[in-house]
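Subject: Structure handover and findings

Hello,

Here is the structure you are taking over. My notes on what turned up in it follow below.

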Amino acid sequence: MKKFKLLIIVFIAGILLFKLIPGFGITPTLGMSNHEEEATVEPEDKPITTEPEMEEIIYPFTLSYTEIPGVLTFRGNNFRTAPAFGTVDLEQYTIEKIWNVKAEPKGLWGGGSGWTGQPALVKWSPEVRKIMNIKDKFKEDDNFVEVIIGSLNGKVYFIDLETGEQTREPIDTGSPIKGSVSVDSRGYPLLYVGQGIKENPDFGFRLYNLIDQKMLFLQDGEDEDAPRRWPNFDSSALFSRSEDALYVGGENGLFYKLKLNTTFIPEEKLLTINPEIQKFKYERVDNSTDPEQSTYGIENSPASWQNLIFFVDNGGLVKCIDTDLNEIWTVDNIDDTDATVTLDIENGEPVIYTACEVDKQGSQGITRILKIEGKTGKILWEKQYNAYSVGTSNGGALATNVVGKGHMDHMVIFTLSRTEIKDRGIMVALNKSTGEELWRWKMPTYAWSSPVDIYDSEGNGYIFQALRNGTVCILDGEKGEILGKTTVDSYIEASPSIYNDYVVIATRNGYIHGLKLK
């Protein structure tokens, strides 16, 4: 009986505490919800008020870039740091040639692929796979991964990753493609293709319906709003799946945003777009009279974080704009920059890496590597190397850098052409925090092809690097030591992409190669 009276006293005391002490109560844990009706006693002399809940802001590039297995754009994601998908456990450190596809020469530029020339690798969902015009046997193959790659002969090829068999007829765009194609990050059968050298009318960037391979949209590169009469598109587009939008830079000096207004109904085999076009145009000093020498123009591919977009122009202006196309900041990095900006997150904040080439500086100059605060444009550190330009063959950073992960997460790795020695190149690993050089590989030649970082199941990192002379190498990512190499072809400018242990890379010699890492 005494215990019962004690419980009643404690219960009454608890009620008094709850009512009389401000703030004394229970707040549900974030993510919990209580669907039961609650009786709440409010003081009679105070009105009942409801505090508005703060809505979480979902920026265009807050979500992961894609949920589709593969490499859907140049360097795989909006940070431009995912040129490989999956993992590979290397044992022999060998590179086996398993197939090749002839991309026949055509016109002045021939066949195969040039810079940047990276293939997209896509494991389509079953519902998309079954409505596209691929061969029937691939429609029923749950392991099917499609290789999609543009060629200097103006065609886009479609290839089975495992066998090298062409999955459907190529698309002929009519003019050489130098850059890298992009697939809609939602996994919709929508393809971006930028044309690189004008040989025929109707030239610019194109969007294709991959259900039937018909062209849905063409943005003319000879845009009347452009500050430069140079209509090429080497930039690889980013798709924003939360906005139903596309972002890409042009060598005409404009940056484009397309609100796509996509309708996709798989069961009806229906895919349509109705683009609304916005353009970002900025002013800069440009004293050239020859469009080819203009400092306007964007050849690299945009990187993004949340609502911020990063790119660099042909005069070396590093720009940050927002997704409403407002300019946020600009940093001058001396010279033309074709290598794409890469992005990393440190303590929850974005940082970017960029490096210029030697072009406007003349036959000799510096390639300047910068680490920059993404929100402010503040330079955190810089590193310089002597580099050379020979005719139209520029030196410095033409390749896009690696941002290390796994056991390499403390380093960034740059491939620099015609650096230190005119006809050679170097690969350097730099400390992310300080810019200190951690290791250096002196190449037997130079490379424009971007290095690819791959990892095993334990987080050990390796670098796959293609050289100009057709040699491909596997390096220990932590030490910079060569573990294996082979000769694929005679001339490589294009960048590879990797899916688990499969590598796809094209050459200037007219072939697309499938390789396997062991």
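How many residues lie between E19 and E20 in their hairpin, and which glycine in the turn has a positive phi? There are four residues between these strands, and glycine 316 is the one, with a phi of about 95°.

Some ground rules before the rest. This is a predicted model, in which local features need pLDDT of at least 70 and side-chain atom pairs count only at pLDDT 80 or more, while totals for chains, interfaces and linings use all residues. Residues are numbered from 1 along each chain as its sequence is written, and side-chain values use heavy atoms, with hydrogens and water left out.

Overall figures

The protein chain has three helices and 38 strands (DSSP runs numbered from the N terminus: helices are H or I with at least four residues, strands are E with at least two). It has 518 residues, of which 56% count as buried (buried is under 20% relative accessible area, exposed over 50%, partly exposed in between, with a 1.4 Å probe and protein chains only). The accessible surface comes to about 22900 Å², and carbon and sulfur atoms hold 49% of that (Shrake-Rupley method, 1.4 Å probe; for residues, only the protein chains shown count as cover). Among contacts with a separation of 6 or more, 55% are between residues 24 or more positions apart (a contact means heavy atoms within 4.5 Å).

E19 covers residues 308-312, and five of its five residues are buried, so the strand is largely enclosed by the rest of the structure. Leu308, Phe310 and Val312 point one way from the strand, and Ile309 and Phe311 point the other way.

E19 pairs antiparallel with E18 (residues 303-305) over three bridges (strands pair if DSSP finds at least two bridges between them). Serine 304 has isoleucine 309 as its bridge partner. Two residues separate E18 and E19 in their hairpin, where glutamine 306 has a positive phi of about 50°. With E20 (residues 317-322), E19 makes five bridges, also in the antiparallel sense. Here leucine 308 stands opposite aspartate 322.

Other strand pairings

An open sheet of five strands runs in the order E1-E4-E5-E6-E7 with antiparallel pairing. E1 (70-71) and E7 (171-172) are at the edges with a single partner strand each, so one side of each has no neighbour in the sheet. E1 is joined to E4 (residues 120-122) by two bridges, and valine 71 has leucine 121 as its bridge partner.

E30 (residues 425-431) and E31 (residues 437-442) run antiparallel and share five bridges, with isoleucine 426 opposite lysine 442. Their hairpin has five residues between the strands, and glycine 435 takes a positive phi near 80°.

Nonpolar cores

The largest nonpolar core has 55 residues; Ile148, Leu191, Leu207 and Leu246 touch the most other members (a core is a set of buried Ala, Val, Leu, Ile, Met, Phe, Trp, Tyr and Cys residues joined through side-chain atoms within 4.5 Å). Elements giving two or more residues to this core include E4, E9 (190-194), E13 (245-249) and E19. Leucine 246 touches, among others, Tyr192, Phe205, Leu207 and Tyr256, not counting residues up to four places away in sequence. A second, separate core of 17 residues includes Tyr462, Phe464, Ile474 and Ile498.

Rings and charges

The whole structure contains 15 aromatic pairs (rings of Phe, Tyr and Trp, the last by its six-membered ring, with centres within 6.5 Å; planes under 30 degrees apart are stacked, over 60 edge-to-face, the rest tilted). One of them is tyrosine 93 with tyrosine 462, tilted, at 6.0 Å centre to centre and 50° between the planes. Tyrosine 93 is in the loop between E2 (84-85) and E3 (95-102) and tyrosine 462 is in E33 (residues 461-466), so the pair ties together parts 369 residues apart in sequence. Tyrosine 93 is partly exposed at 25% relative accessible area, whereas tyrosine 462 is buried at 7%. Ring pairs also link Tyr192, Phe205, Phe217, Phe233 and Tyr256 into a cluster.

The charged end of lysine 319 sits over the ring of tyrosine 282, 4.5 Å from its centre (the criterion is NZ of Lys or CZ of Arg within 6 Å of the ring centre and within 35 degrees of the ring normal). Arginine 468 lies over the face of tyrosine 491, at 4.4 Å from the ring centre.

Regards
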